[in-house]
Structure formats: structure tokens, C-alpha cells
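User: I would like to learn how to read a two-chain model, starting with the contact between the chains. Please take one feature at a time.

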Amino acid sequence: MSSAVKPVGLGFVLLAVLKREISLGMRQKGEVLTPLMFFAVVASLFPLGVGAESNLLLRMAPGVLWVSALLAAMLSLQRMFAMDHADGSLEQMVLSPTPLGLLVLAKALAHFLLSGLPLVLMAPILGLQFGLDGRGLAILMLTLLLGTPTLSLIGSIGAALTLGVRGAGVLLSLLILPLYIPVLIFGAGAVEADAAGLGIGGHLSLLAALLVLSLFFTPLATSAALRISLE
Amino acid sequence: MKLRDIHWFKFAAPQNFYYLAGRMWPWFAALAAVLTLIGLWISFFVAPVDAQQGQGYRIIFVHVPASQMSMFIYLVMAGWAGFGLAFKTRLSGMMASALAPTGALFAFLSLVTGAFWGKPMWGAWWVWDARLTSELILLFLYLGFLALQASIDDPRRADKACAVLALVGAVNVPIIYFSVKWWNTLHQGASVSMKGASMATPMLMGMLVMVVAFWMYTITITLLRVRSIILDRERHTEWVKHAVAQH
């Protein structure tokens with residue numbers, strides 16, 4: 001055996017994992033589409049619950065849409081590692097020479113593309129139901145675009161911690177929702193601030209800062225959690 | 001004696017710590033009892049009636065120490081958690097899980113006493129103010145920690161998983177602290193600062209004594225709880241059988 005193993009570029013690995021996750025997701029369309037329907041249903045429940053007064057709905061819109069999006073994004077979190085855990089491929093990933101953090105990053109990115117991005121695209125339709133105008137819708141989409149990747153990243157920690165644990169679904173929400181609060185505050189806050197005629201630069205900067213922070217720290221935490229879960 | 005001759009990790013062994021904790025807790029318990037009595041006496045009989053808030057302000061003698069302890073315990077817990085992950089000491093995880101229920105209790109106590117104070121002062125049991133909300137989030141973080149601990153059967157794995165969660169959650173504690181500055185809110189600004197307190201001296205004294213009393217209580221209860229955890233986790237070892245047989 002004279003031929004040395006050719007080192008694989010990190011970018012190549014990232015793309016390969018991303019491609020694999022997305023093709024797996026596309027084969028189980030139900031699991032990708034269900035959170036989207038959940039988003040639509042939850043958002044539609046609010047007017048039924050609080051009444052259809054248009055001023056009230058308009059004021060509630062950013063918060064309601066953000067909370068619904070947050071819950072919908074959380075629904076699919078368990079998928080991130082559970083199947084790979086069940087068929088053993090997760091162990092191979094942990095053992096592979098590629099840094100685990102990078103694989104986690106790719107998986108979180110895939111989760112964003114499959115659950116966060118569709119939410120961003122769907123939000124304006126629901127926003128219209130709440131009477132948001134064009135500018136409000138654009139800002140809502142922008143904040144969701146900045147915020148949902150953070151949700152996928154933070155969520156990966158919870159998904160890794162609750163791997164193979166009793167009642168993982170409910171536990172995951174208890175662990176992760178409190179950590180989602182800053183994203184919710186600044187995401188919904190930006191839309192509200194703009195509606196009140198205030199600048200949204202601060203909110204967007206803070207959302208971006210949260211994204212950068214979680215891009216750096218969550219792969220570390222998630223890798224540690226995965227290693228603990230697989231011990 | 002050279003530095004390397006000291007057994008730095010002697011008390012990291014649960015067995016050694018069990019006996020050390022057994023000798024320490026009565027002292028802390030006595031201090032806690034005495035200080036609580038002094039603190040309560042000052043807060044009820046010595047501290048004057050507040051010019052604006054009347055008698056109602058006296059709840060702060062419990063409220064302020066409880067909120068402080070709830071935040072501080074989370075940091076200590078995260079510290080133990082990080083230490084345990086770094087050095088793989090079993091005791092660290094036990095300390096973290098011994099601290100968590102007390103932290104949760106203080107967070108809850110802080111919210112309840114805050115509500116009692118808020119009703120006469122603000123006219124509402126609950127206000128969605130930044131500090132109240134962050135205290136509530138802190139309570140949720142504690143509950144998440146306890147729930148994760150309860151749902152993993154293997155205690156070593158539970159300790160490590162909770163350690164990661166505690167460290168992640170610790171990021172939230174500074175946000176709690178700075179939230180007063182971030183959001184302009186209803187909650188009155190901090191009355192005690194490094195520059196000097198905006199309170200009468202007996203009031204301040206009462207509060208400080210109560211703070212120390214809460215510290216002592218926390219140490220006592222944590223030591224007692226960690227002793228139970230040690231016995232539970234090490235129940236298959238010889239020394240535990242020996243120690244239990246002695247009682």
C-alpha cells in the first residue's frame with residue numbers, strides 16, 4: 001500500500017455533507033413540509049384567539065410571526081442528528097479525521113436551508129394576513145433571514161444534548177426556547193421599531209452579532225455534546 | 001513544602017470531600033442561622049420606614065439577596081461544570097447538580113417577592129420589564145438543567161451533558177445583568193453601586209447581612225446535598241458501606 005490517502009479539503013467535506021443532508025431532506029418531503037404547515041396553522045390561530053381587529057393584529061404581527069417561526073424551526077431540530085444516530089453514521093462522523101465542528105456547521109446550515117429559508121419565504125404571505133405593508137414585510141423577511149440561521153445553530157446544541165434521551169422532543173423545547181429569546185426580541189423588535197418610525201440598524205446589528213457569535217461557539221458546544229451523547 | 005507536593009486534588013475525590021463537607025456544614029449552618037436572625041431583626045426593627053415606599057419596601061431584604069444568589073449560583077454552577085469538563089473530576093458534576101435546585105429556588109423566590117413588592121409599588125403583580133423577564137428566563141434555564149439531569153439515567157453522562165448546557169446558559173447571565181442598561185424600563189435602577197448607596201445605613205446593613213446569610217444558607221444546603229449525591233453515586237463502594245454502617 002504505497003499510495004497515501006489523499007487529504008480531503010474542508011470545503012469539499014462541507015459541500016458533501018450539505019448535499020447529503022439536503023438530498024435526504026428532499027426524500028422525506030413530509031418532514032420538511034410539516035413545520036411549514038405548522039407555521040401557517042399557528043400563525044392563523046392567533047387572530048381566531050384574540051379577535052380580528054385589524055389594528056390589534058397589525059401590532060401583534062411581528063411578535064406572532066416570529067414566535068410561530070421559532071416554534072416551527074424547533075419542530076424539525078430533532079431530525080438533525082437522530083437518524084444518523086440511529087443508523088450509526090453519526091459515530092463515523094465523530095471518528096472521521098474531519099473536525100466535528102465543521103460537520104456540525106454543515107448540518108446546521110442544511111437545517112437552515114430546509115427549515116429556516118422556507119419560513120423566510122413563507123412569512124410575507126402570513127404577514128399579509130396580519131395587514132403588514134410592503135416595508136414591514138421586507139423587514140420581517142430580513143430579520144428572519146438573519147435570525148433563523150442562529151436558531152438552527154443554537155438548536156443544534158439542544159438536538160445533540162437530547163440525543164437518545166427519554167422524551168427528547170419536549171425536553172429539547174425546554175432547553176432551547178429560553179436561549180432563543182434574544183433572537184426573538186431583536187427580530188420582532190426590528191419590525192416593531194420600524195413601524196414606530198425608529199431606526200432598525202441597532203436591531204439588525206445585534207441579530208448579526210448573535211449570528212456571528214453562534215457561528216463561532218455553537219459548533220464547539222454541539223461537538224462536545226455529541227461526543228458526550230455517543231460515549 | 002514545594003508547590004508540587006501539595007495534593008491539589010485531594011478533596012476532588014468524593015470520599016475525601018464527603019468527610020470534609022460533613023465537618024464543614026454545621027459551621028455554615030450556625031452562621032446562616034445567626035446571620036438570618038440578625039438580618040431579620042435589623043430589617044424589621046432597626047431599618048426606618050422608607051419615605052416613598054412605606055413599609056412595603058422591607059421585602060427587599062429577601063428579594064435582593066435572593067435575586068443576587070440566583071444569578072451568582074448559576075455562574076458558580078457553570079464554573080463547576082467547566083471545571084468538570086476540563087479536568088474530568090467527578091465531584092464537579094456533583095457540585096453543579098447540588099447547586100441547581102437551590103438556584104432554581106432563589107430564582108423563584110426572587111420572582112415571588114418581586115411580585116409582592118410590585119403590587120403595592122407599581123400596582124401590578126407582574127410587569128414585563130427587562131429584569132423581571134431575565135429572572136424568569138434564568139428560572140427556565142435552571143428548570144432546563146434539572147429536566148436534562150432527570151432524563152439521563154447514566155449520572156456521568158448526565159453531569160457532562162448538563163455541564164455543556166450550564167456553560168451555554170451562562171452566556172445568558174451577563175445579558176441579565178446588563179439588561180438594565182440595554183432596555184430602558186420600568187424597573188428602578190440599582191440602588192447599591194460602587195460609588196455609594198442611595199439608601200439609609202441601617203437599610204444597607206440589613207441587606208448586606210441578609211446577603212451574607214443567604215450565602216451561608218446556600219453553602220450549607222449545597223454541602224448537605226452533595227453529601228447525599230456522593231452517597232447515592234458511590235453506594236457500591238466499600239467506604240460508603242462502611243460510612244453508612246457507622247451511623
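User: How many residues of chain B are in contact with chain A?

Analyst: Two residues are in contact if their C-beta atoms, placed from the backbone, lie within 7 Å. In this predicted model, 16 residues of chain B are in contact with 17 residues of chain A. Helix 4 (130-151) and helix 5 (155-170) of chain B each supply at least two residues of the chain B side; helices are DSSP runs (H or I, at least four residues), and strands are runs of E, at least two, both numbered from the N terminus. Helix 4 of chain B gives the largest share of that side, 8 residues.

User: Which classes of residue make up the side of chain B that touches chain A?

Analyst: Ala, Val, Leu, Ile, Met, Phe, Trp, Tyr, Cys and Pro count as nonpolar, Asp, Glu, Lys and Arg as charged, and the others, Gly among them, as polar. That side has 12 nonpolar, 2 polar and 2 charged residues.

User: What are the numbering and confidence rules?

Analyst: Residues are numbered from 1 along each chain as its sequence is written, with chains lettered from A and ligands numbered from 1 in the order in which they are written. The model is predicted, so local features need pLDDT of at least 70 and side-chain atom pairs count only at pLDDT 80 or more, whereas totals for chains, interfaces and linings use all residues.

User: Which residues have the most contacts inside the largest nonpolar core?

Analyst: A nonpolar core is a set of buried Ala, Val, Leu, Ile, Met, Phe, Trp, Tyr and Cys residues joined through C-beta atoms within 7 Å. A residue is buried if 20 or more other C-beta atoms lie within 10 Å of its own, exposed if 12 or fewer, and partly exposed in between. The largest core has 122 residues, and those with the most contacts inside it include A:Ala225 and B:Val164. Beyond four places in sequence, A:Ala225 is in contact with residues including A:Ile157, B:Ala161 and B:Val164.

User: Where is confidence lowest and highest in chain B?

Analyst: pLDDT is the predictor's confidence in each residue, from 0 to 100. Chain B has a mean of 82. Confidence is lowest in helix 6 (residues 172-182) of chain B, at a mean of 56, and highest in helix 5 of chain B, at 91. Over residues 183-188 of chain B, pLDDT stays under 50. Where pLDDT is low, the predicted coordinates should not be read in detail.
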